[in-house]
Amino acid sequence: MRRLLAQIRHRWRAVTNDEAMNVELDDELADHLRRQTAAYIAQGVAPGEAARRARLAFGSVQRYREEARDARGLRWLDDLRADGRFAMRMLRKSPLFTGSVVSTLALGIGLSTAVFAVIDATLLRPLPGVHAPDELVQLFRNTDGSSSLPHVRDVRDGATDVFTDVAAWTFTQVGVTVANRTDKLFAVMVYGDYFTVLGVQPALGRMFSREETLRSSATPVVVLSHGTWRTLFGGDPGVVGRTVVVNGRQVTIIGVAPQEFTGVLQMVRPAMYLPIVQLEPPAVVDDRGRGFVNLIARLRQGVSLEQADARMRVLTTALQPVNPRAYVALDAIRVLPQSEAGIPPSMRSAQLGLSAVVLVVAGLLLLVACVNVANLFLARAGVRAREMAIRLSLGASRSSLLRQLMVESLVFAGIAGVAGLFVSSTAIYAVNRIEIPVDFEVSPDIALSPTVLLFALGATALTAVLFGLAPALQATRPSLAPTLKGEHPGNGSRTRLTRLLVIAQMALSIMLLMCAGLFAVNLRSATTINKGFVSESLLTAEVSPSLAGYSGARAGDFYRRLMDRLRALPGVRSASMVDELPLGLNNSSTSVAVPGSVVPASDNVTMAFAVAGPGYFATMGTSVLQGREFTRLATRTEARELIINQAFADRFWPGKDAVGQTVRSGDGTFTVIGIVPTGKYETLGESPRPFMWFALSETADFSMVLVIRTTGDPDAFISTLRNEVAAIDSNIPVSSVRSMERHLGVALLPARLTGTALGVFGLLGLLLASVGMYGVVAYTVSQRTREIGIRMAIGATGQQVVRMIMREGVTLVVTGAVLGVAGALAASRLLAGLLYGDTVDPIAFGLVPFVLVSVATAAMFLPARRAATIDPTLTLRAD
């Protein structure tokens, strides 16, 4: 051990005091020569001759220096330093070549890093502000992830052996009054030991007790987010114990969450946290069929995800006899790690797929850039062939030349990596400023985190290998004799490699552009897809009478009066309301029983639903296929009415008349009064699914979304709408006022972002492919100058030379195009689940190859035309 430590100290001193040790070595060598010279002088030899004899006897000083450095283990460091200095000289020697390489690689590295930064922020980064986030899991019972509160209690009580605790959460909007000003804020409603499960300690005060989250209290409480504490209360350290009005009720502030904590969704920043039992009535809290919350739990120490999942299957089986309608066989509980379930379940699969596509396309762009640069390096290798031949003939080893060329590649890639960080910073700045059309604060917080910088470093190193290795191998195998004579010997392997790179560049560019084209066409399809309603001339707005203290019949009277006023206005064709607009972020489901249906008992009978007012379908432009739609607010005495879509009817009453059939849900029985076409309800890409609408009750006091069909521009009606609500009660907040087209921005957001990103990548790919193709052909022509001169000397015309070069180039381009189209066809099959339209679009598959082949052909024509002007006399005289 002592010897090992001594070696380590010696090596460390050698690295950190290299110059000082060199000086010591030189002094020792000089002293030895002086002693030897003095010995010769003492023997009577003249001083000059004595010094000469001493040097001859001693041998090569340089050899002793190198041996000493070898003994210190620093030879490789010297070599690397020398190679680095040489690489920097080469970099400064050809600024145009350096600029082309660095800019091409910087684009590829920078955009790939920016895409990875988005993925890191949305998928990979651990949940901030919580304890041991890898122990957190979310539990999904239904396809949309929602569960009822009784279900939460079932899981909490039945799985104590695998979870330390289970809690529930969901989002809501609340009216918060501070200093006589009411704001509508985004809050998280919690149930159970939410903060304990997450392991969050308060920045001020305390978190909820178990009793406060499980049972309603006469003294409601709230925990503020750190941002709300700062903005609404100025960061007052004495805020704990003060009261704030939430939805018309005095609520006591008991604590402030830590600054870094944002809940269980990465990008969403809620304003406050409230117990569900404070806002929801007991009928909702105890309704087993009302699924509106998400479950989160913490695994016990030593319990794996698989064990928890198996425990949930056992629990589901045990609960089936007790609650058969809530736990049918296919209604098993799924356990997902928090890192895979931190976004709305309906958007997760689309997010994963689109993220993968954008990352792959960014990788393709980087690969195209590498192929371009590899071609440039290969061309430069031809220019440096004589240099390599001379060095090899002087005794340099091939491995040393190979090392030197790879160091050059690393230097180029390193500079490009630094420039790429500027490109990625610019792209990240633009992405962070994208406005997402939602009503709550979204902070993606995309940044060059240490993980992202590590990715950039890895991409830079990989890039250096990709574009540098093949040209380096080619450059260190020159034909010595003809090269030293100044001839340009035909290098078959280099020519084959160049042709392969041209084909690869064309194929990769075709795939890149076609993927971009498919998503551009997909965006057009998304805007024209049949959604089940007509979005044009439709204005939407959310009104919340409950936030102004309305409840029961008073709220129902408000809705009735508001509808009468709106329908009487000029410019309004029709008006109605619904609790949740289709293709938004919110969704609700409930369990149903269909008497006499043919659906097996094992099938899942949890259905998505909405609550709609009279005239809703007429206002939305949805035709009623059979029966009728709602004509008035539902009363407690009349029969409860239900409207279903065609998929619902086909599922439960195939081949039969569904109108007049009954459906049981909750504590009531509903009669089907109408059937409408099947539309889109959660995502544009969803498969046809059953959906149902309950009639709005005349005592409903929850928030509703107004839908108003206008005769002109719906945005011009916004002020009128606000005035009409204020004319009834100016204290009732109106929010989310926007046209249906803007509302659909949420559903179209993935397609728009992906289409825009891939469109940018496609244009850059086209630019890189064009420049690269021109460079390769120009280089190829320059290498064939002698051949072309001979051909023209023996009678070939300029047109024949142009045709010859173009024919050879077009052959490579078409070969690459065919391979690229085949690859794009295969990729389109993989993308089928993410596209709204056809996977083989004639525009994308016809236009892209035509454009790229045309651009490549144009890029080849200029060098070919220049070759036709070669003077054969001058060429042959040069030989």
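Leaving aside its neighbours within four places in sequence, Thr-711 is in contact (heavy atoms within 4.5 Å) with Gly-571 and Arg-573. What we are looking at is a predicted model, in which local features need pLDDT of at least 70 and side-chain atom pairs count only at pLDDT 80 or more, while totals for chains, interfaces and linings use all residues. Residues are numbered from 1 along each chain as its sequence is written, and side-chain values use heavy atoms, with hydrogens and water left out.

To stay with Thr-711, its place is in the loop between strand S21 (704-710) and helix H23 (718-728), where helices (H or I, at least four residues) and strands (E, at least two) are DSSP runs numbered from the N terminus. Is Thr-711 buried or exposed? With a relative accessible area of 51%, Thr-711 is exposed, since buried means under 20% relative accessible area, exposed over 50%, and partly exposed in between, with a 1.4 Å probe and protein chains only. Thr-711 and Pro-570 are 141 residues apart in sequence, and their C-alpha atoms are 8.8 Å apart in space.

Let me turn to the interior.

In helix H17, the buried residues include Phe-467, Gly-468 and Pro-471. A kink of about 40° lies at Gly-468, shortly before the proline Pro-471, the bend being the angle between axes fitted to the seven residues ending there and the seven starting there.

Finally, the aromatic rings. Rings of Phe, Tyr and Trp (its six-membered ring) pair if their centres lie within 6.5 Å, with planes under 30 degrees apart counted as stacked, over 60 as edge-to-face and the rest as tilted, and by this rule the count comes to 24 aromatic pairs. The rings of Phe-97 and Phe-412 have centres 6.0 Å apart and planes at 85°, so this pair is edge-to-face, and it links helix H6 with helix H16 across 315 residues. Phe-648 and Phe-652 form a tilted pair, 4.9 Å centre to centre with 40° between the planes.
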